[in-house]
Amino acid sequence: MASHLDLEEQEQLEQLKAFWKRWGNAITWLLTLALLCYAGWTGWNYWQRNQAAKAGAMFSELERAAQAGDVAKGTTIFNAMKSDFGSTGYTAQGALVAAKLQLDKGKGDEARTTLTWAADNAKGDAYRDLARLRLSALQMESKQYAEAGKTLDAVKSADFGPLVADRRGDLALLQNKPDEARTQFKKAYDGMDKQLDYRRLLEAKLATLGVAVASEDAPGAAQ
């Protein structure tokens, strides 16, 4: 009996040796690749968290500079964020903060540069679209009407549809196109939540163009 078991074990061992001889190298490479992928994934996640933490700290500094009205410091911080952490959400937010600070301090050209970067590079569709909306307003102020139209064309999020229509209405007025302005303002008014006070501004814009909003559409009307 013992001899019979020894023969079976030896046969199994020979089969295992044959299998390993045929497939052992491939298995080793697959295991090595799997370990390398896991190590790379783990390292990437750590790097991402580290980048986000550093960008978050710089964003806090940028906010403090904005609160203090220090446009030079704020711009310096944002430029560093853009250079070192441009792919983070904090830098996308930082662009909007920096642009507002620059605009408040009369640095319109710097604000346009910041918003242009955000419109093209900010992480997240919402941040890019916000930057485009604000950039279009600056372009209209500079009478860059064609550029403003193209900037608004790039806003794709349906959530910003009413605001885009409002901007297009402003642009149409600047271009002496009152009919187009009426259409766009009404589109913005109809698409905006009835609870938003912003609709009152749209009512005023429509009124100046001879369009009366139905009383049941007015904010605060009985349901």
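Predicted model: local features only at pLDDT ≥ 70, side-chain atom pairs only at ≥ 80, totals over all residues.
**Overall fold**

I counted elements next and got nine helices and zero strands. Read from the N terminus, the order is α-α-α-α-α-α-α-α-α. The chain has 223 residues, and 31% of them are buried. For contacts between residues at least 6 apart in sequence, I find that 47% join residues at least 24 apart. The accessible surface comes to about 14100 Å², and carbon and sulfur atoms own 56% of that.

**Aromatic pairs**

I ran the ring search over the whole structure and got two aromatic pairs. One is F59 with Y90, a tilted pair with 6.0 Å centre to centre and 40° between the planes. F59 belongs to helix α1 (residues 2–68) and Y90 to helix α3 (residues 89–104), so this pair ties together parts that are 31 residues apart in sequence. I checked cover on both partners: F59 is buried at a relative accessible area of 8%, while Y90 is partly exposed at 34%.

The other pair is F78 with W117, and I have it down as edge-to-face, with 5.7 Å centre to centre and 80° between the planes. This pair links distant parts of the chain: F78 is in helix α2 (residues 71–85), W117 is in helix α4 (residues 108–121), and they are 39 residues apart. F78 is buried, with a relative accessible area of 0%. W117 counts as buried too, at 15% relative accessibility.

**T88 and its loop**

I went to the loop between α2 and α3, where T88 is found. T88 is buried, with a relative accessible area of 9%. What does the side chain of T88 reach at 2.9 Å? I traced that to the backbone oxygen of F85. The side chain of T88 also makes a polar contact of 3.1 Å with the side chain of T91. Leaving out residues up to four places away in sequence, I get Q51, A55 and K123 as the residues T88 touches.

**Helix α9**

Which residues of helix α9 (residues 198–208) are buried? My list is R199, L202, K205 and L206. I checked their directions around the axis: they cover an arc of only 110°, so they lie on the same side of α9. A reminder to myself: an α-helix has 3.6 residues a turn, so residues three or four places apart point the same way. On the other side of α9, I find A207 and T208 exposed.

What do the buried residues of α9 pack against? I get α7 (161–174) and α8 (178–191). I looked at R199 separately: the charged end of R199 sits over the ring of Y189, 3.8 Å from the ring centre. Last entry: G210 follows α9, and G210 has a positive phi, near 80°.

Definitions and conventions: Residues numbered from 1 in each chain as written. Heavy atoms only, no water. Phe/Tyr/Trp six-rings, centres within 6.5 Å; stacked < 30°, edge-to-face > 60°. Helix = DSSP H or I, 4+ residues; strand = E, 2+ residues; numbered from the N terminus. Buried < 20%, exposed > 50% of the residue type's maximum accessible area, 1.4 Å probe, protein only. Lys NZ or Arg CZ within 6 Å of the ring centre and 35° of its normal. Arc of directions from axis to C-beta. Contact = heavy atoms within 4.5 Å. Areas by Shrake-Rupley, 256 points an atom, 1.4 Å probe, with all protein chains shown as cover. Polar contact = N/O pair within 3.5 Å; in protein donor to acceptor, adjacent residues only side chain to side chain.
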